[in-house]
Amino acid sequence: MTTAKEKYLELLKELIAIPSVSAKREHLPEAANRIAKALTELGGETTVDDSYFAPLVISHFKSEKPDAKKVMIYNHYDVQPAEPFDLWKSDPWTLTQKDGLLIGRGVDDDKGNLTARLTAVAEYLEEHENGLPVDVTFVVEGSEETASQHLDDYFKKHPELQADLIIWESGAKDKDEHPVITGGNKGIVTFNLKAKTGGFDLHSSLAAVVQSAPFRLSQALSTLFDENGRIAVPHFYDEVRKPNEREKQLVADLKDTREDFVQKNEVLAPLLTDLRDEDWKQALYFEPTLNIERITTGYQGAGVKTVLPAEALAKLEARLVPGMDPDLTLKAIESHLAARGFDDIVVEKTLGQAGYRSDMTDPEIIRTIDVHKDHFDEEPVVIPTSAGTGPMNYAYQAIKAPIVGFGIGYPGSLDHAPNENIRLKDYDDNIEVLKEIIASYET
Ligand SMILES: [Zn+2]
């Protein structure tokens with residue numbers, strides 16, 4: 001007889017074989033429908049809402065227990081592109097098992113997390129004839145890797161979605177093999193700045209008289225920061241929610257050292273936090289950022305072209321901490337540029353979402369921390385917010401329940417990169433952890 005674990009590993013294999021790349025908008029309904037079928041077979045009351053290009057799968061598993069609490073499990077079936085293909089040691093779209101690892105695009109981010117959680121619910125149901133002691137709702141979206149473009153609207157369309165606790169998509173053990181629990185993520189606003197100084201590129205002898213677009217743009221960019229990289233845009237920090245004492249302590253307790261950080265990231269330039277005499281860990285987790293991702297202008301080919309470019313483009317992003325609004329942040333940048341005489345620079349928003357941090361003292365979050373503690377026989381590392389970005393805030397705004405993330409990854413998981421992989425041992429541990437969280441609602 002096939003066990004639940006084998007069954008959902010088979011599902012994982014099928015899901016990995018569907019190249020559901022949201023950036024290319026490919027194979028998204030196919031992945032959604034396959035997941036919906038699995039959820040229905042397991043007994044969930046399942047809906048596929050295909051209002052937008054990436055269908056949302058919702059599946060409810062009702063508890064028979066009176067006044068049962070509600071847990072929502074959020075995952076996504078879309079993945080990052082697998083390119084560059086030549087750096088993969090196995091086919092990215094074939095789930096490959098080797099040396100205790102499972103390898104394939106999306107195995108950690110996020111299809112493997114979903115199938116581990118399905119396995120946990122299936123095993124729990126097999127082992128308990130009275131069913132679940134808690135309502136479990138799976139919400140599986142398909143545009144997480146492209147800023148969860150319609151998740152907000154989907155939540156608005158489904159006011160029936162409710163929860164006391166939201167379990168987020170993923171997580172990873174730290175480099176010392178400690179289990180990690182995360183309670184938030186940063187938001188983001190991405191945008192372009194464009195300078196146009198003429199109708200067409202000119203002969204560069206005219207630089208004696210005429211400003212080039214790269215000159216204009218770099219002047220504008222330089223007003224955004226002081227000499228130590230501190231963001232110099234008035235009102236940028238106005239709404240920043242400062243970490244409380246517990247949050248600061250949780251980050252201070254993280255074992256990472258400045259030296260490891262510099263070495264791991266092969267950083268050659270001085271750390272901005274050193275220049276400013278700030279704590280790098282507190283800055284990494286709790287400070288907003290403003291980053292220039294790319295500057296393009298002029299001739300990019302081989303050899304020399306003496307030209308005075310008429311157009312220049314910079315792509316930027318700001319990572320936002322809770323309290324900050326993507327549009328207001330961009331407005332502050334726009335007003336600042338205008339006030340400094342750069343009202344000719346065109347500001348164009350590309351993507352935006354707000355950040356979120358859970359209260360890590362919430363009893364529902366403590367429940368998950370306690371289960372980790374029992375299961376791994378050690379205190380998990382609790383990180384109040386990840387330095388990265390995700391759509392937690394959409395879920396929080398809609399559901400108003402605390403959110404906590406943990407999962408099957410480890411520091412070598414290579415999410416978004418070639419040879420993405422997980423360790424089977426972590427996969428198995430996570431199945432047990434979720435079963436134990438479900439069981440914690442029995443009493
Ligand atoms: Zn993900």
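**A close look at the sheet**

Mentor: Ala 195 has Ala 312 of strand S14 standing opposite. This is a predicted model, in which local features need pLDDT of at least 70 and side-chain atom pairs count only at pLDDT 80 or more, while totals for chains, interfaces and linings use all residues. Residues are numbered from 1 along each chain as its sequence is written, and side-chain values use heavy atoms, with hydrogens and water left out.

Strand S14 covers residues 311–320 and pairs with strand S10, residues 187–196, in the antiparallel sense over ten bridges; strands here are DSSP runs of E with at least two residues, helices are runs of H or I with at least four, and both are numbered from the N terminus, while pairing requires at least two DSSP bridges between two strands. These strands belong to an open sheet of four, ordered S12-S14-S10-S15, with antiparallel pairing. Strand S12 (291–297) and strand S15 (346–353) form the edges, and because each has a single partner strand, one side of each is left without a neighbour in the sheet. From one strand to the next, the twist averages 15 degrees.

Helix H5, residues 213–222, packs on this sheet and touches S10, S12 and S14, where contact means heavy atoms within 4.5 Å. The direction of helix H5 makes about 20 degrees with that of S14, with axes taken as lines fitted to C-alpha atoms, for helices over the stretch in contact, and angles running from 0 to 180 degrees between N-to-C directions.
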